[in-house]
Amino acid sequence: MPPFQPVLLEAVGVPDGHTIASYKGRGGYAPLEQTLAGRQPADVVEMVKASGLRGRGGAGFSTGLKWTFLPKDHPGPIYLCVNADESEPGTFNNRILMEDDPHQVIEGIILSSFATRASTAYIYLRYEYPRAWHRLQAAIDEAYAAGYLGRDIRGSGFSLDISLHRGAAAYICGEETGLIESLEGKRAWPRIKPPFPAIEGLFRKPTVVNNIETMACVAQIARRGVDWFRSIGVPADPANPRDPGSYGPKLYCLSGHVERPGCYEAALGITARELIDRHGGGVWKGRRAKAVIPGGISMGIMTEAELDTPLDFAGPGKVGCLGLGTAAVVVADETVSMVDFLHNSCRFFAHESCGQCTPCREGTSWSLRMLERIKAGKGRLRDLDLLAEIGSTMGMMPGSTICGLADGAAWPIKNAIKKFRGEFEDYIKRTNPDGWMVTDPVPALQIVGAH
Amino acid sequence: MIAQPRILTDEMIAAIESLAPRYPNRRALTLPALHVVNAHLRHVPLQAVAEIAELLGLAPAEVQDTLSFYQFFHQDKPHGRTRAFVCRSISCALRGGDQLLEHLCHHHGIEPYGTTADGSLTIEPAECLGACDFAPCILANDDLLKNMTPESAAAELAKPRARAT
Amino acid sequence: MPTVIVDGKEIEIGADERLNCIEAARRAGAEIPHYCWHPGLSVVASCRMCLVETGTRDAASGKISMMPKLVPACQTPAKDGTVIVTESQLVKESRARVEEALLIDHPIDCPICDKAGECLLQDYHFQHGQAERRADLHPFHSRRRDVGPTVTLFVDRCIMCTRCVRFTREVSGTSELMVSARGAKEEIDVFPGHPLDNKLSGNVVDLCPVGALGDKDFLYQQRVWFMKREANVCGGCSAGCSIHTEHNQDTVYRLKPRENPHVNKWWICDDGRYGWHHLHDAARIVGAGRRTDRGGPFEAVEWSLVAARLRADIAAAGRLGVAVSPMLTVEEAWMLCAVARSIDPEALLVVGHVPTSGADESFPGGFTIRAEKCPNRLGVEAVVALFDPAVHGWQHLVDEARSGRLASAWITGGYPSAWIDDDTAVAFSGLGCLAVQDLFDSPLTGLAHWKLPAAGFAERAGTWVNVAHRAQCFGQAVRPPAGVWPEGRLYWNMLGRRGLYDPDAVRRQVAESSAALAALGGEIPATGVDLRIHHLASTPS
């Protein structure tokens, strides 16, 4: 298969590729001008719906369809929140887009705001991306100067302001209503739904939250067309009327134990093995893969035998993972202990749980405590049953939590215990020969350092 | 009661107020205001929280509630002139992130989240910095330090560094 | 009428009612356990204890389709055809897991916790929890943190329901309480220098489902299972908040608001909540005392002799003026007027002193503290009107006394705090017979010939009418101190009626003779009755 010709990443490596001059030289902002001159917002919504674009932030919901949930004839204001909080472990594609091609993102934002009749767009940018902050702000300033932002853009009657809003290192701000609460100045506790943001979102007004990569896709669809977008990826399964397909190019992040970690653009549907071997130079140091995350740590774990799974929206689910997520592939080689691996995951989610609802707040904390104890050589076989139970009962899927962080916390636990149970049992028996069989509760360890 | 001198300078207040037109209410200025103060003082002491609350028409508890959620703003004293976030999430952990943190803390004689006695350096664990292509990595003020080893990291962190934005 | 199906049982709900599944299920007798939901606060659905199975029944086909996963009952509206399942295996397991999760880090220090016996964590553990602990054990710690003058916080007992935080933000509008930190490390706290210090602060203790928030006034005073409670009404102001008086062996230990959608909803102000200590003040007037010489000591009079001697002293002195205190019940007021007129048919009857303090104070949640610090001015006015349409007030009595047009006076008070100064009291210094019936000594008792005790609010049964013309009837919670005949008993005795004082009989008699109070003749619900509606209804058009 010939290497995919980058579209989303076309500016990477181009000198001054982040400037408006470079972007316009590549054809940028012409689609916006044409749209403002001759099309209606509903046309743009239809275009995005027809393209089959599904959100790139992790949930994979049809973008055009989400836009139609906004109330018709609302007096406004309507808000577009661009989710640049990218904090899913293993994920860094939004960073690259913002640093190297901010105008692609901005054009997508302006087109999306035009489509949804948003008058204000906030880019909620995570604190840890200072370079992206500077690049985006410079690009926004260039866009205002060129007349693509502000009042009555290009005489179209459409007005839009874009503001950067900086986060403060909390993963849950990537959840759409957590983002909204944070933007409003409160602690980022996700809201119960209904009402959904399209009806009552930011400042209780109709709001759409879209991911950075999704915005870039909108710009490319406007430039290259619906047919082009649909020619890439995995078409909808004709036998399944509910399958929206996996269309378009996707940025895959590859990291961990590979020769060439990096962000690679490919058609949706590339397999993990192809990504690792063709783009990533293979597993490093001549080793074999042992455990591979398919789409950010929330999506769970694949075994080496499962690496031929296509990484489209439907694929990872077939091997017991949560989904495609952020398409961030992380490779752990054969020397990695799954106990350490799962401990790292549990530590992350315990630290990031917002603490609002009981099953996640206590479940993430309890599972970390158990992993700490197992790691320290005081584990019991019984702990594996408890972990599996936490893994299957915590989350939006069983209905026990308000948001999907709990599902993300649960899936690595679920997959690790199921797919690597033997290793966990061996470790426990080996490190706790006198206590692995205990079924009564045992004393917790003092956790050193904050979790 | 001794009147405390105001912590929020005119410059900080002007910076906060310049953002007001972006939002339909004052409460939305909370996080931007915290960042303005933090950028100037390298921490947000309780008195600053009370002053921000007064500026925005909020109760101090509301601002402190938001501040404490992020586990990001130091309050007791300024963090180091270099604030080093050492990533410990899965991609960096697979390439030595935990050992990097441990080494650096030991090298400087501080605990994680601690600051050196001369006030020059704070070392904190961070969750995924979004630079997994350069794991293990460290965010030191505005600079992303890539592909770190204990030695290269120690050398980098010894350098004086421009303030964080 | 919309029909909801709860555990297979059909119940109808009102067409205009907006109920959630907790409220709808309760109508069917199913109590869905919950911590964070409260009808007076915003819905957050964060405790996850109320998760149930729901579905809809198709109106045409009758087919039931259930949702594939559990949903919080508190955030699910109950509409026509809503199906609620509260006791399936899925639901039971979910509840057991929530309980288990809440107990993981809980100190479980029930033996030293005030809330034992009325704690939802305890109750739900026994009803819905698991038999054995599965989570790691950890050292006991139960920290106590001062959050304000009335409330103390036991940090580690908190289950993060956030009811208290929401109360200070939504109902009192003072926003003193906050959540601090994130995840399992979250704690309730206040900002240093800004304690929980508003006039509704005590309500957060009622709201707390567990023993995290403690009432400093009640802390360690009494175990809840020893207390009985009586439905009463607060006597602190004209709002007339419904309360429960909780007591043991004639000692009051605390007051709690009683839910009344027409008056106070679920709340009470701190002045009302803590306004019972005067009942047990050692300085209270006890026993009937009489003296002929103002300068001398009072002579104790045996209660069975008081009626005749008091009547004789007043009759001998001459023209009588009576202050009918707005602290009295409607029944007591009526009997006092009848007794007074039976001694002197020309007796001047006025509404007694109406204490006021500050201005009415309203809070964002709608609760209002009234400036008028007595519970029954409207009721007493309606009674006095039956005897004298002029319905004079206290000042008129003072003027009549000062100008020498009165020869005797009977002043009823019952005010919990000082209410009269020397300058006003001296107006009564020229009377041949001054009888004062009050809780505490005052400049007026200093001038009195007769000093009689008064009952406190929890020591009487009867009816009060609040500022919104709502009449509430309440029972007697505790007996007054030894040596105290409450007003009702004395007046009943002075009217020559036999047997124990029967407030219900008096109330019915009053209702018959008063159009304004006619509604008191019927069955009075626990939340009271709006007198104006019934008055309008019964007024011939």
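Two strands are taken to pair if DSSP finds at least two bridges between them, and helices (H or I, at least four residues) and strands (E, at least two) are DSSP runs numbered from the N terminus. The structure is a predicted model, in which local features need pLDDT of at least 70 and side-chain atom pairs count only at pLDDT 80 or more, whereas totals for chains, interfaces and linings use all residues. Residues are numbered from 1 along each chain as its sequence is written, chains are lettered from A and ligands numbered from 1 in the order in which they are written, and side-chain values use heavy atoms, with hydrogens and water left out.

In chain C, three strands form an open sheet in the order E24-E25-E26, with antiparallel pairing. Strands E24 (462-465) and E26 (529-530) of chain C stand at the edges; each has a single partner strand, so one side of each is left without a neighbour in the sheet. E24(C) is joined by four bridges to strand E25 (residues 470-474) of chain C, and the two run antiparallel. Within this pairing, Val465(C) has Ala471(C) of E25(C) as its bridge partner. Strands of a sheet pair through backbone hydrogen bonds, either parallel or antiparallel.

Both kinds of pairing involve strand E1 of chain B. E1(B) runs parallel to strand E2 (residues 121-126) of chain B, to which six bridges join it; Thr122(B) in E2(B) is the bridge partner of Arg83(B). A residue is termed buried under 20% relative accessible area, exposed over 50% and partly exposed in between (1.4 Å probe, protein chains only). Six of the six residues of E1(B) (residues 82-87) are buried, so the strand is largely enclosed by the rest of the structure. Thr82(B), Ala84(B) and Val86(B) point one way from the strand, while Arg83(B), Phe85(B) and Cys87(B) point the other way.

Helix H3 (residues 46-56) of chain B also contributes buried residues, namely Ala48(B), Val49(B), Glu51(B), Ile52(B), Ala53(B) and Leu56(B). These pack against H2 and H4 of chain B, contact being defined as heavy atoms within 4.5 Å. An α-helix has 3.6 residues a turn, so residues three or four places apart point the same way. Gly57(B), with a positive phi near 75°, follows H3(B).

Chain B meets chain A through 40 residues of chain B in contact with 59 residues of chain A. Buried area is the accessible area (1.4 Å probe) that two parts lose on being put together, summed over both; between chain B and chain A this area is about 3,900 Å², with carbon and sulfur atoms giving 56%. On the chain B side, Phe69(B), Ile90(B) and Leu94(B) lose the most area to chain A, together 17% of what that side buries. Three salt bridges are found across this interface, a salt bridge being a side-chain nitrogen of Lys or Arg within 4 Å of a carboxyl oxygen of Asp or Glu. In one of them, Arg347(A) is joined to Asp98(B), with the closest N and O atoms 3.1 Å apart. Helices H2 (30-41), H4 (60-70) and H5 (90-93) of chain B each supply at least two residues of the side that touches chain A. H4(B) gives the largest share of that side, five residues.

The contact with chain C involves 13 residues of chain B and 14 residues of chain C. The buried area between chain B and chain C is about 1,100 Å², of which 63% comes from carbon and sulfur atoms. One salt bridge is counted between these chains: the side chains of Arg169(C) and Asp65(B) meet at 2.8 Å, N to O. H3 and H4 of chain B are the elements that give two or more residues to the side of chain B touching chain C. The largest share of that side, eight residues, comes from H4(B).

A disulfide is defined as a pair of cysteine sulfur atoms within 2.5 Å, and by this rule the count over all chains is zero. Cys263(A) is in no disulfide, the nearest cysteine sulfur, that of Cys253(A), being 4.5 Å away. At 12% relative accessibility, Cys263(A) counts as buried. In chain C, the sulfur of Cys47(C) is 3.7 Å from the closest cysteine sulfur, in Cys36(C), too far for a bond. Cys47(C) likewise counts as buried, at 6% relative accessibility.
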